[in-house]
Amino acid sequence: MLRYPNLISKDSLRQPLLCYKPVRMMSEWYSLEADAKHISKERARAQKLKASQWWRTKLNQGVCHYCEAQFKPADLTMDHVVPVARGGKSQPGNVVPACRACNASKKLHTPVDLLLGGR
Ligand SMILES: [Zn+2]
């Protein structure tokens with residue numbers, strides 16, 4: 001009779017599975033995004049960005065990113081498309097000028113939330 005080598009020994013069955021990785025819950029992702037260090041770092045970056053020529057040019061164009069109406073530069077605020085509290089960064093791809101009304105109505109929502117929420 002043929003004998004096959006014992007590929008799985010009794011000892012190996014007692015070892016914990018090395019490849020096991022727990023699946024992350026949505027709530028864990030949220031807590032990662034709201035990391036306090038990230039928020040303070042990105043807030044500081046936003047201050048620097050506000051002083052940049054790039055941002056001043058944006059303000060001087062005077063257009064709200066959301067309602068597309070024309071405003072005086074002083075009436076526009078810096079808005080993070082993906083909020084800093086949800087992992088967004090203070091960099092040109094994520095920062096837009098918004099009028100006070102649009103910024104206030106957006107709060108912590110991302111564009112996807114707004115689409116899904118129908119607001
Ligand atoms: Zn607006």
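Me: Where does Glu68 lie?
Reply: Happy to start there. Helices (H or I, at least four residues) and strands (E, at least two) are DSSP runs, numbered from the N terminus. On that basis, Glu68 sits in the loop between α4 and β1. Please keep in mind that this is a predicted model, where local features need pLDDT of at least 70, side-chain atom pairs count only at pLDDT 80 or more, and totals for chains, interfaces and linings use all residues. Residues are numbered from 1 along each chain as its sequence is written.

Me: What is the phi of Glu68?
Reply: Glu68 has a positive phi of about 60°, although this residue is not a glycine. Its C-alpha is 8.8 Å from that of Ala98, a residue 30 positions away in sequence.

Me: Is Glu68 buried or exposed?
Reply: The idea is to count neighbours: a residue is buried if 20 or more other C-beta atoms lie within 10 Å of its own, exposed if 12 or fewer, and partly exposed in between, with C-beta atoms placed from the backbone. Glu68 is exposed because it has 9 other C-beta atoms within 10 Å. Lys41, which lies in helix α3 (residues 36–50), is partly exposed because its count is 14. The C-alpha atoms of Lys41 and Lys89 are 9.1 Å apart, although 48 residues separate them along the chain.

Me: And why is Val95 buried?
Reply: Val95 is buried because 23 other C-beta atoms lie within 10 Å. This residue belongs to strand β2, and four of the five residues in that strand (residues 95–99) are buried. In the protein, buried residues make up 9% of the 119 residues.

Me: Which residues does Val95 touch?
Reply: Two residues are in contact if their C-beta atoms, placed from the backbone, lie within 7 Å. Leaving out residues up to four places away in sequence, Val95 touches Leu49, Met78, His80 and Ser90. Across the protein, 55% of the contacts with a separation of 6 or more are between residues 24 or more positions apart.

Me: How many bridges join β1 to β2?
Reply: Two strands pair if DSSP finds at least two bridges between them. Here, five bridges join strand β1 (residues 76–80) to β2, and the two run antiparallel. For instance, Thr77 has Ala98 as its bridge partner in β2. In a regular strand the side chains alternate between the two faces of the sheet.

Me: In what order do the elements run?
Reply: From the N terminus, the order is α-α-α-α-β-β-α-α, giving six helices and two strands.
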